[in-house]
Amino acid sequence: MDFSFTETHRMIRETARKFAEERVAPGTIDRDEKEEFPREIVRELGALGFMGMMVSEQWGGSGLDTISYVLAIEEISRVDASVGVIMSVNNSLVCYGLEKVGTTEQKEKYLRELASGRRLGAFALSEPEAGSDASNQRTVAVRDGDAYLLNGTKNWITNGSSADLVLVMAATDKSKGAKGISTFLVEKGTPGFAVAKKERKLGIRSSDTVSLSFTDCRVSASNRIGSEGDGFRFAMQTLEGGRIGIAAQALGIAQACLDASVSYAKERKAFDRPIAELQAIQFKLAEMATNIDAARMLTLKAASAKDSGKPYGAEAAMAKLFASKVAVQSALEAIQIHGGYGYVREYLVERYLRDSKITEIYEGTSEIQRIVIARSLLK
Ligand code: COS
């Protein structure tokens, strides 16, 4: 495989790095403390073209490939993984499916706004009793003339209270199981649609995670995305791309752990010399660097498969499975290298550990990724 980057790839990586260091880094600690959503940063990411990176220019996007997207998410997440997931959800889980399956009217009305970052999107599949078992939808959508009435609750919805538009999966025919689920685009402010509860999280604390409730929420049939019954397939296909974004987010966290560990090891002295001279530390750094490189290769491989129109579900699952594990391991090692300083808030590595854990859970747990990979081997 050829992993040589084009001029555009290099330019995207540089732009993302500069933006992350100059605009995202300054308030990161404060936002994490206060659980504050980075609204202004999201607006600026939109102006940079980073909220609809893979959407074609025709619909207000940047018309870039998935490799560019991976590079940008990694750079942003290296500085702030909360910002990384906000971007990832809007790009992968909302814009991607809307462009692929939406009608011209839906794209005209919504995609342009979402891809430019003027409006923010969320993706509501999970429910109190439908996480890994995603087809077990309790939210129902009952046809009522030229509309549907939605009733139910969605859980752990990233961007949930900040989003202007939410893609909601709901059962239109419970007797058909996974084939009886449909997707609806629900606008903020629609009567019967409410933010129910803000979650207080271990990590990615400045991203906005809430539960949503729908009570006789009337949604026009023209806001159904795709055909009735296609919602589960739509969600699964969307998540394949989403998992590449989360792998890139995990990669960013892991790289941040390595960067922090290398510079700390050079500065910190013990036994009259920098700890970087101790093999116990060198071996940790070497292991981290090797794992991060392997995770990067898997993530780029999945992105490249997607860009060339090949199947990429198993590749995306492998990338997420491996990169998320590397992120958690790297954060643990970074804390170990920092010793007592690694355990306190003044140093960033304790946040990297808190932020890393979610990458093994959302958009399909590591156990689900193993199922997806095993199924691709055994089919
Ligand atoms: N692309 C297209 N179609 C897909 C698909 C995919 N990636 N995955 C499943 N489908 C289709 C299947 O082909 C099947 O249709 P057919 O019977 O016509 O073949 C249908 O959807 C049902 O699939 P399946 O029987 O595999 O569903 P399961 O209930 O066994 O679920 C897993 C499969 C566990 C893999 C799925 O539920 C899953 O990914 N769960 C995790 C969900 C998740 O990531 N949640 C996080 C939410 S966002 S934070």
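Predicted model: local features only at pLDDT ≥ 70, side-chain atom pairs only at ≥ 80, totals over all residues.
Colleague: At what angle do the axes of helix α9 and helix α11 cross?

Modeller: Two packed helices are described by the angle between their axes and by the distance between those axes. Here the axes of α9 (residues 313-338) and α11 (residues 366-378) come within 9 Å and cross at roughly 145°; axes are lines fitted to C-alpha atoms, for helices over the stretch in contact, and angles run from 0 to 180 degrees between N-to-C directions. On the α9 side the contact is made by G313, A314, A317, M318, K320, L321 and S324, and on the α11 side by S366, Q369, R370, V372, I373 and S376.

Colleague: Which residues of the largest nonpolar core touch the most other members?

Modeller: In soluble globular proteins, nonpolar side chains tend to be buried together. A nonpolar core is a set of buried Ala, Val, Leu, Ile, Met, Phe, Trp, Tyr and Cys residues joined through side-chain atoms within 4.5 Å. The largest one in this model has 89 residues, and L45, F50, M53, M87 and F123 touch the most other members. Helix α7 (residues 231-267) gives the largest share of this core, 16 residues. Leaving aside residues up to four places away in sequence, L45 touches F19, F50, M51, I76, V83 and M87. Another core, of 19 residues, lies apart from it, with Y148, V166, L212 and F214 among its members.

Colleague: Is L167 buried or exposed?

Modeller: L167, which lies in strand β4 (residues 165-171), counts as buried because its relative accessibility is 1%. Residues up to four places away in sequence are again not counted, and L167 touches L93, V94, A122, F123, A124, T183, F184, L185, I225 and F234. The C-alpha atoms of L167 and L98 are separated by 9.1 Å, although these residues are 69 residues apart along the chain.

Colleague: How many bridges join strand β3 to strand β7?

Modeller: Two strands pair if DSSP finds at least two bridges between them. Strands β3 (residues 147-158) and β7 (residues 209-220) run antiparallel and are joined by 9 bridges, with V210 of β7 as the partner of I157. Strand β6 (residues 193-198) also pairs with β7 in the antiparallel sense, over 5 bridges, and V195 stands opposite L212 in β7.

Colleague: What is the phi of D216?

Modeller: Most residues other than glycine have a negative phi. D216, in strand β7, has a positive phi of about 45° although it is not a glycine, and D216 is partly exposed, with a relative accessible area of 49%. F271 also has a positive phi, near 55°; this residue lies in the loop between β9 (269-270) and β10 (273-274) and counts as exposed at 72% relative accessibility.

Conventions
Residues numbered from 1 in each chain as written. Heavy atoms only, no water. Helix = DSSP H or I, 4+ residues; strand = E, 2+ residues; numbered from the N terminus. Contact = heavy atoms within 4.5 Å. Buried < 20%, exposed > 50% of the residue type's maximum accessible area, 1.4 Å probe, protein only.
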